[in-house]
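Reader: I have a model open beside me and would like to learn how to read it. Could you take me through a few features, one at a time?

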Amino acid sequence: MPPASKIQTDIDAFVGAAKTLSGTVDWARGYGDCTVGTYSISIDGAVAGEGAKLNIQVRALVPPNYTIGLYFKDRQIARLDVGDTAHYNQGQLPDGLPSYAGRDHLHSWGLNRQFAAPDKVLKLHLADPLPASIQSFEAAFRHFCGLHNIDQLPTIPTLPAKSDLFT
Amino acid sequence: MSPADIVKRALDGLARVSEGNGCVLVDTHCIYPSGSVVVVRIEVGERVCTVSDNWGAINDIGLSDTSKLQGMIARKASRFGMISANGAVAKSLPIDEMAAGIVLVANASKEIALELSNAVRLSRRDFKDSLRRALEDRFNGAVRHDVSIVGYSGKAHHFDNVIMLSHRQIIVDPVSKDANSINGRLVANLDVQKKQDIRVQQHIVFDDEENWSGPELSLLSVGAATVPFSKFEGVANSIAALH
């Protein structure tokens, strides 16, 4: 295994740090019919710099489609997708990772760490299917946050009502 | 069930068609560089339909701020005979050409995402500038930049930073991870080293945010003592002790 690069160790440190979400989420229009809510992230009580944020994108479809993304150093470093877009894992796969990750899947930092490079966007090539036990947004949000050390959530956000989504 | 039936059945599951808000979403057989399926969005009019990539290419890049990508996508989309509005790649065409539109838009979106992911470079620290500023902060007026030092061959070599102490010159030479920079700094340092001037001390500093290979670092160490930028402070302390 090659030695860890600086960008990998920087993101490792960010992911490993105990983080909290700051403030409340404000919903705004994203691309097309997407509604986007963004949280800033704090570490040790101070707002984390380097573009650290967590965002939630929701599409007004039935059943609801959403993604939860974690960002650091201008790149998306982890993402959970539900309902919207199927994902295929390509290339040499770690043991046990299926070629088809399904529509509900998780691109964790741990699984995609190997693809981080200093000046390139991070391609989240690999995804695990979401466990079948995760059926609600709240469960998915808790799972994603727990896996990336985002603790002490002020409150679990709820997805906006369909009538409040941008369409 | 015949083999053809089995294959048809397997393919049936691939192209899901679902209804969105005033549109129809279709999973295609294309995948983005990340591995996500290209989903096209179709708005069906009386005679004309508009097929778009549902912002799939721009979302596949995984950038925190995608606003600057819209212009790049628009230029690339026109190359594929498509239009782009607000970051989506789209094509309008007669309804009886809808299937072709789905194939064309999906493949164009996939190609655009691939080109963008190769083209986009995130800003990185300018480590040469950071090193220069760190030296100025630490050694104040003792640091000179773009200094010429004559090597064993008689050729003058330029060095970014030289710390001028009373009886010594300390070369602090940054190197980038590309063949030209490595070769250039290696030749300059070897030529100066060959003079065996005990008043000259040499350091090559490399940016350890980049993935250097073992052989590359071994090669650099032939020219001078190599120091990762993140560990330079320790070397600066040793130099300061000589001050």
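Author: Gladly! Keep in mind that this is a predicted model. Let's start with B:Ser109, which has its place in helix H4 (residues 98–119) of chain B.

Reader: Is B:Ser109 buried or exposed?

Author: B:Ser109 has a relative accessible area of 0%, so B:Ser109 is buried, the cut-off for that word being under 20%.

Reader: Which residues is B:Ser109 in contact with, leaving aside neighbours within four places in sequence?

Author: Those are B:Tyr32, B:Val38, B:Asp53 and B:Ala57.

Reader: Now helices. How do I describe H6(B) and H7(B) as a pair?

Author: Two packed helices are described by the angle between their axes and the distance between the axes. Here, helix H6 (residues 179–194) and helix H7 (residues 214–223) of chain B pack at about 30 degrees, with axes 7 Å apart. Angles under 35 degrees count as roughly parallel, and H6(B) and H7(B) are therefore roughly parallel to each other.

Reader: Which residues meet there?

Author: From H6(B) come B:Ile182, B:Leu186, B:Asn189, B:Leu190 and B:Gln193, and they meet B:Glu216, B:Leu219, B:Leu220, B:Val222 and B:Gly223 in H7(B). This contact divides into 6 nonpolar, 3 polar and 1 charged residues.

Reader: And pockets?

Author: Rolling a probe the size of a water molecule over the atoms shows where empty space is left. The largest pocket in this model has a volume of about 640 Å³. Its lining has 36 residues, with A:Cys34, A:Gln57, A:Thr67, B:Trp55 and B:Asn59 nearest the centre.

Reader: Which element gives the most to that lining?

Author: S4(A) does, with 5 residues. By type, the lining of the largest pocket has 13 nonpolar, 15 polar and 8 charged residues.

Key:
Residues numbered from 1 in each chain as written. Chains lettered and ligands numbered in written order. Predicted model: local features only at pLDDT ≥ 70, side-chain atom pairs only at ≥ 80, totals over all residues. Heavy atoms only, no water. 1 Å grid on protein atoms, 1.4 Å probe; cavity = no way out; pocket = protein on both sides within 12 Å on 5 of 7 lines; lining within 4 Å. Points joined across faces, edges and corners; volume = space filled by probe spheres on them. Helix = DSSP H or I, 4+ residues; strand = E, 2+ residues; numbered from the N terminus. Nonpolar A, V, L, I, M, F, W, Y, C, P; charged D, E, K, R; others polar. Buried < 20%, exposed > 50% of the residue type's maximum accessible area, 1.4 Å probe, protein only. Contact = heavy atoms within 4.5 Å. Axes fitted to C-alpha atoms, helices over the stretch in contact; angles between N-to-C directions. Parallel < 35°, antiparallel > 145°, perpendicular 65-115°, else oblique.
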